[in-house]
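Visitor: Hi! Could you walk me through a few spots in this protein?
Guide: Happy to, let's bring it up.

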Amino acid sequence: MAIDEVQYDVQIFNELGQQRVSPNSGKKYYTPVVSQSVKPAVGMVFDSIEHAFSFYEKYALCSGFSIRRTSSYNPKGVIKLKYFVCSRQGFKKGRSFDKLHDGKVKRYRKPSKRIGCNAYIKLRLNVDKKYQIYGFQEEHNHSFVKKEDIQFLTSVRKVNYVKESAIQALSTINLGPVRAFNILKSLYGGYEDIGATKNDFKNFKMDLNVYIGEYDAEMVIQRLERKKQYCPNFSFDYTIKEDGTLGGLFWADEVSKSNYLVFGDVVGFDATYRSNKYDMVFVPFTSIDNHNRNVTLGAALLGSESAESYSWLLRFYVKAFGCAPKVIVTDQDPAMKKAIQEVLPNSRHRLCMWHIWEKLSAKLGPVVCNTTDFKKELAEIVWTDFITRVEFEERWHSIISHYGLSDHVWLSDIYNIRQNWIPVFYLEENLSGLMRTTSRSESENHFFNQFCNPKSTLVEFFSHFETAIEAQRYEHRKNDHESRYTEPDMWSKFVLEKQAAQIYTRTIFLDQQLEIDDAINSCASATRQKVGDFMKFEIEDLLQPCTSHFEVMFRNEDQTITCSCRRFEQFGLLCRHIFYVLRLCFVREFPKKYIVRRWRREAITNTSIQSVSSDDVETNGDVVEAVLREIRFANDYSINRLVMDIDQLCLYRDYVKGYMAKADEKRLKSAREIAISQAGKKTKECGFCKVAGHNLRTCKLYIASLKEKESPATSGVDNIQV
């Protein structure tokens, strides 16, 4: 018996609807009790399918159930009939268990919401090309959810545009969908106000990754190509393996290139960090900026750590930046060594001291390293700048002989490459002390690790990378600002201290201030004598009691000055011994020849360099995001101004809520709706191909057929893609 034919003999009214019990079967049926303004009725007419669905959905939510779309009849692409049903319509399909290959049974425990509910509305296209309700079943075979549980209905749970944007924005700083959900909960006030569940957020992220899928690498390449199109000074290159997968990818923007011109004298790179789900190695090129902070000078992803991969990378690096770095610092990777010798023969390859030193205990054992003074004595000649090469050689052999390690293979090996890692062997090189270990590169990896994760797709990785670079460059601008617009305290009346504060960035000035203070309080002149055009000073340093004296040579005519500690040659900064002599000789102006550009405030002019991310390249989506940012700013601005005036704040709230109704009315029609609205219009068809929108004279297929008749040798048109 149909539900419509069953007599009502038991009726109970409650807050959610009207209930009746069938006298024949004893089953309960429920009818929503709602305002007539939201209740569907046979004969109602809607401009579009979407308007009808929205109306039925609003009725469902007022009642306490959710709906879904189902059958439709659409001959020639025009929907003539459409049904919307209760989400509990029908029954669960498929098996409740699977038999595994070992004979065991895997049972599915996911419950089903479908219990055969017959509630629905039926629509048909009328002569006015609008949709009219011709069938409405309002009775359900299940009760309705309570008001506080409506948030869990499928119709309510929607990851809309705003939430999608929030998930993706938080993803750029390595916050996953669950954390995004918790953050929105705090912003919205409660879980019930979000309009979705954690699983909805996770499913959206999963669907996004599935969408990226096998086109991950292609999407990244297209993204970089688009950036290259709008930023001519942007460089990137990639290589493909024999199996068609991405073998390597390098990129560097205009800011990196400008930084390289100033800070690229010493560059380190470390390839130990795997940053994505494809297990590709992330290789950032790192140097030191004028605030003594890390600065990224390009980056790469490599599919393998072979000499061939590194050679390809270094070749394009030199091509992109125009010249090779003077000094490059790496660990003891043999593939890196081979590639550097091949591609950068004129660059000084320096090995990381820390990596070599850390192997000491493992190579020699705890007995030698922990129960004797061997490690301490060796450190005194390795980690110092205040000995000569001759002294190093003598003391090395003395220590090795004393502890009976003359025949130790590993110690002999690291001794044979001493020119590449012992500081005393490259003291003569300019700025040789800037980067002695790959700790800069490793700290750079740690920095990027805060924004990335090893499970990310390449598309996600690049979003994370650009966020990290933005953070790095933001800190650089902040440090520039503090250097220009704050005044440090002076510790002395020495005129060069105040000049140093105007020349150097704040970080570098603090270093020079300490040297000046030590010059005043910890140095003394032991002797002085004339040597040719120079005055020779023997400076006693109370902070270095193990060294007898430091020799400073000064020529007043051209302000030439050197010190045996070679601090300026190693770091580009004057030492306390030189400051002592300059003060002693009443020098009133900071020697210009000893002001290295890389440490100056104006080393890089921020106003001349604009960092352009991939998202700055304007597309339709970018325009929408720009408008949304303006709306958010305007909203924040208004709230901050009105928060102390509750009456004005309420008026602003009412204005915004009033516009919500207008937003529903102004909702843009979808492409399908536009097609429906045009379905009733009679459009002329082409007499040849029977397709609307053009005539015989402009039909491409007809013109092509005529050409074929004129040229019999022509076989047709190849590779036509629709």
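Visitor: At what angle do helix H17 and helix H18 pack?
Guide: In this predicted model, H17 (residues 495–503) and H18 (residues 506–522) pack at an angle of about 165 degrees. Their axes are 9 Å apart.

Visitor: So how are H17 and H18 oriented to each other?
Guide: Angles over 145 degrees count as roughly antiparallel, and H17 and H18 are therefore roughly antiparallel.

Visitor: Is the crossing of H17 and H18 left-handed or right-handed?
Guide: The crossing is right-handed.

Visitor: Which residues meet there?
Guide: From H17 you have Leu496, Glu497, Ala500 and Ala501. They meet Arg506, Phe509, Gln513 and Ile516 of H18. By class, that contact has five nonpolar, one polar and two charged residues.

Visitor: Nice. What about H6 and H7, what's their angle?
Guide: H6 (residues 254–263) packs with H7 (residues 307–321) at about 85 degrees, and their axes are 10 Å apart. That makes H6 roughly perpendicular to H7. On the H6 side, Ser256, Lys257 and Tyr260 make the contact, while H7 brings Tyr317, Ala320 and Phe321.

How values were computed. Residues are numbered from 1 along each chain as its sequence is written. This is a predicted model: local features need pLDDT of at least 70, side-chain atom pairs count only at pLDDT 80 or more; totals for chains, interfaces and linings use all residues. Side-chain values use heavy atoms; hydrogens and water are left out. Axes are lines fitted to C-alpha atoms, for helices over the stretch in contact, and angles run from 0 to 180 degrees between N-to-C directions. Helices (H or I, at least four residues) and strands (E, at least two) are DSSP runs, numbered from the N terminus. Angles under 35 degrees count as roughly parallel, over 145 as roughly antiparallel, 65 to 115 as roughly perpendicular and the rest as oblique. Contact means heavy atoms within 4.5 Å. A crossing is left-handed if the near helix is turned anticlockwise from the far one by less than a right angle, and right-handed if clockwise. Ala, Val, Leu, Ile, Met, Phe, Trp, Tyr, Cys and Pro count as nonpolar, Asp, Glu, Lys and Arg as charged, and the others, Gly among them, as polar.
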